[in-house]
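Colleague: I would like to learn how to read this model. Please take one feature after another, with the general idea before the case.

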Amino acid sequence: MSDDSNNSTEKFTKKINGLFIDPQIFTYKFICTCPGHCCHYGVYIDYKEYETIISIKDKIIKNMDETQSTNTGKWFEPPEKDVDFESGIAVGTEVINGKCTFLDKNGLCTLQKIAMQEGEHKWKYKPIYCILFPLTTFEGTLTIDDEHIDRLPYCNVDPNTKLTMFEACEEELKHFLGDEGFEELKNYREEYLNEINIGVNEDVTK
Ligand code: SF4
Ligand code: SF4
């Protein structure tokens, strides 16, 4: 997230589902084309998500390959207090063989693979941070994790992309905000782009 994302209450005006919206998502150029480099560093998840993962550990173990560890004691870092997480506790996934413990040798997230095999929504077991990235929530604001994007050498490397974060992450935003929240976001986008004198159908990435 940008350095200036502090003091969200002063900087941002629009709230949806209780979160401020950083309008940078309407103009920030972004395209997701690499095969999941963001999964190579592990992820911090909420303690409740940790409990969900542990509750399906047998299914996860069955779906792991030889590059992953089936020892559940090696999957997570010790829990730590973190107010940015709903439960107030964050748990990091360990990096094993240079990738998140849940990433298989084909670059697939085992948690997503299981949900799809079960015919459930593909993100049923996936931590919200993973679903949202490169969007994130920080200090009560839905914003862009641009610091992490910058740390990832293969992330968002196409300088010619005409997409914005809003367009590239439409499915994720709908999932996160719900249909009503997403409609509100679309309306806010129109208002915001008009305010800065860019039409909704214009290329905002120039
Ligand atoms: S978000 Fe970035 S690092 Fe992750 S898959 Fe997309 S381009 Fe790659
Ligand atoms: S839990 Fe899945 S999506 Fe999240 S970092 Fe690990 S492999 Fe990637």
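Modeller: Start with strand pairing: strands (E, at least two residues) and helices (H or I, at least four) are DSSP runs numbered from the N terminus, and two strands pair if DSSP finds at least two bridges between them. Here S3 and S5 are joined by three bridges and pair in the antiparallel sense. Tyrosine 44 has glycine 92 in S5 as its bridge partner. Before going on, note that this is a predicted model, in which local features need pLDDT of at least 70 and side-chain atom pairs count only at pLDDT 80 or more, while totals for chains, interfaces and linings use all residues. Residues are numbered from 1 along each chain as its sequence is written, and chains are lettered from A and ligands numbered from 1 in the order in which they are written.

Colleague: What is the order of the open sheet of four strands?

Modeller: The order is S1-S2-S9-S8, and the pairing is mixed. S1 (15-16) and S8 (135-138) stand at the edges with a single partner strand each, so one side of each has no neighbour in the sheet. S8 runs antiparallel to S9 (residues 141-144), and four bridges join them. Across this pair, phenylalanine 138 stands opposite threonine 141, and leucine 135 stands opposite isoleucine 144. The hairpin of S8 and S9 has two residues between the strands, and glutamate 139 there takes a positive phi near 50 degrees.

Colleague: How is the chain divided into domains?

Modeller: Domain bounds come from an automatic or database domain assignment. In this chain the assignment gives domain 1 (13-32 + 134-206) and domain 2 (36-131). Their C-alpha centres lie 25 Å apart. For contacts, the test is whether the C-beta atoms of two residues, placed from the backbone, lie within 7 Å. Seven residues of domain 1 are in contact with six residues of domain 2. On the domain 1 side, S8 and helix H8 (170-195) each give two or more residues.

Colleague: Where does the largest nonpolar core lie?

Modeller: A nonpolar core is a set of buried Ala, Val, Leu, Ile, Met, Phe, Trp, Tyr and Cys residues joined through C-beta atoms within 7 Å. A residue is buried if 20 or more other C-beta atoms lie within 10 Å of its own, again placed from the backbone. The largest core here has 38 residues, and those with the most contacts inside it include Ile25, Leu135 and Met165. H8 gives the most to this core, with four residues. Both domain 1 and domain 2 give residues to the core, so it lies between them. Leucine 135, leaving aside neighbours within four places in sequence, is in contact with residues including Ile25, Leu142 and Met165.

Colleague: Which residues surround ligand 1?

Modeller: A residue is near a molecule if its C-beta atom, placed from the backbone, lies within 6 Å of it. Around ligand 1 the residues include Cys32, Cys34, His37, Cys38 and Cys155. Domain 1 and domain 2 each supply at least three residues of this shell.

Terms used. Buried ≥ 20, exposed ≤ 12 C-beta atoms within 10 Å, placed from the backbone.
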